[in-house]
Amino acid sequence: MNRPELVPARPGDPVREVDTPALLVDLDALEGNIRRMAGVASAARVRLRPHAKAHKSPDIARLQIGAGAVGVCCQKLAEAETMADHGIADILLTYEIVGETKLARLAALAARTRLSVIADHADQVAGYSRAAKAAGVTLSVLVDICPGGMRTGVDAGEPAAALAKEIAAATALRFGGLQAYNGAAQHLRTAAERSTVYEAYARQVAETRDLLARDGLPCETITGAGTGTCELEARGGVFNEIQPGSYVFMDADYAANGASGFEQSLFILATVMSAGRPGFAVVDAGTKAANVDVAMPLVLGHAGARYAGAADEHGKIALDPGAAPLRLGGKLRLVPGHCDPTVNLYDWLVCFRGEVVEAVWPVAARGALL
Ligand SMILES: *Cc1c(COP(=O)(O)O)cnc(C)c1O
């Protein structure tokens, strides 16, 4: 950020005076979600490694680890470097790292923190091996299994086993186990649909595990799961680690899955900046303050008001017939449509309890593209 003095609020400020657009975090709800997920993992005796791509915040990672998480997952190398810079000591990069510049950074990061990474091709394995050897480190590599849908990963069974053998045979690498995240399953809307899909991919993961065990390559870690399916992975007996991310905040897309026990803790605070027409108003949060790729934000606290569309810097609020008009200068709380890419639009998380700002945390890994 170019102007660090532009902080939307300070600790002690009333929430109603927070400048907008701002991202608010309800600390009671956040802490409740962190405790609840720690309970899901400990009751099932699996490890919890929350995905930090949701929050990009070392402050939240520390709370998760304080509640029992073994470390975090990261998606981008720069995200992982930022977490390590802030003392997060055990990181799984759930992303294939390709290219010599990044491979050198990967090996340098492995020299200063406990780090694992994933692969779905022998050429990535060769790159990891070369970089780790040059840096004098041993890197743990998990095989990325594609459990359905168009995403990274090799097929379960023989292709995954063949790649595991490449890893085990490579200089300076250690075979760490299996990564099997089914992204498409997370937002199936009913618990029955999610359960059916889970059963099918868990069977494939278990078959791969058994194939490798017969070949003398036990899987130390079998990790996967998002907020939508993690209770299935936790209890199913195949996975020994879960990696949900969105549960800390939740969003409108996850709300459409039905009750999960996790509470909304993340809100966009926006100001009504134009309200001259009947049935319509504009807030100061468009696509540069609210991601709308999978779901529109939900308007809280004003019956009949809907977030109907977004331009770059304008959020269009439609009012149903009979709804009270919105007051120019008034503030609205919105539930983000999709939490992860919304967080990435902000420099600060304005954390409140009750009606008072308690802390302002940097989104330290914001924009960590490289
Ligand atoms: C995003 C992601 C998660 C977390 O999923 P949520 O739906 O945000 O809980 C877990 N693992 C991987 C590999 C991911 O990309």
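A polar contact is a pair of N or O atoms within 3.5 Å; within protein, one atom must be able to donate a hydrogen and the other to accept it, and residues adjacent in sequence count only if both atoms are side-chain atoms. In this predicted model, local features need pLDDT of at least 70 and side-chain atom pairs count only at pLDDT 80 or more, whereas totals for chains, interfaces and linings use all residues. Residues are numbered from 1 along each chain as its sequence is written, and side-chain values use heavy atoms, with hydrogens and water left out.

**Ligand surroundings**

- The ligand is surrounded by 15 residues (a heavy atom within 4 Å), and the closest are Lys53, Thr227, Gln243, Ser246 and Tyr254.
- An N or O atom in the side chain of Tyr254 lies 2.6 Å from an oxygen atom of the ligand.
- For the side chain of Arg151, an N or O atom is 3.0 Å from a ligand oxygen atom.
- The side chain of Tyr181 has an N or O atom 3.2 Å from an oxygen atom of the ligand.

**Helices α4 and α5**

- Helices (H or I, at least four residues) and strands (E, at least two) are DSSP runs, numbered from the N terminus.
- Helix α4 (residues 100-110) packs against helix α5 (residues 122-135) at an angle of about 50°, and their axes are 9 Å apart; axes are lines fitted to C-alpha atoms, for helices over the stretch in contact, and angles run from 0 to 180 degrees between N-to-C directions.
- That angle makes α4 oblique to α5; under 35 degrees counts as roughly parallel, over 145 as roughly antiparallel, 65 to 115 as roughly perpendicular and the rest as oblique.
- The two helices, α4 and α5, have a right-handed crossing, in which the near helix is turned clockwise from the far one by less than a right angle.
- In contact (heavy atoms within 4.5 Å) are Glu100, Leu103, Leu106 and Ala107 of α4 with Gly127, Tyr128, Arg130, Ala131, Ala132 and Ala135 of α5.

**Helices α6 and α7**

- Helix α6 (residues 158-169) and helix α7 (residues 191-214) pack at about 45°, with a distance of 9 Å between their axes.
- The pair α6 and α7 is therefore oblique, and α6 passes α7 in a right-handed crossing.
- Glu158, Ala160, Ala161 and Ala164 of α6 make the contact with Thr208, Leu211 and Leu212 of α7.

**Backbone features**

- Thr20 and Pro21 are joined by a cis peptide bond with omega of about -5°, and Pro21 is in the segment before β1 (22-26).
- Ala225 is not a glycine, yet has a positive phi of about 90°; Ala225 is in the loop between β8 (221-224) and α8 (230-235).
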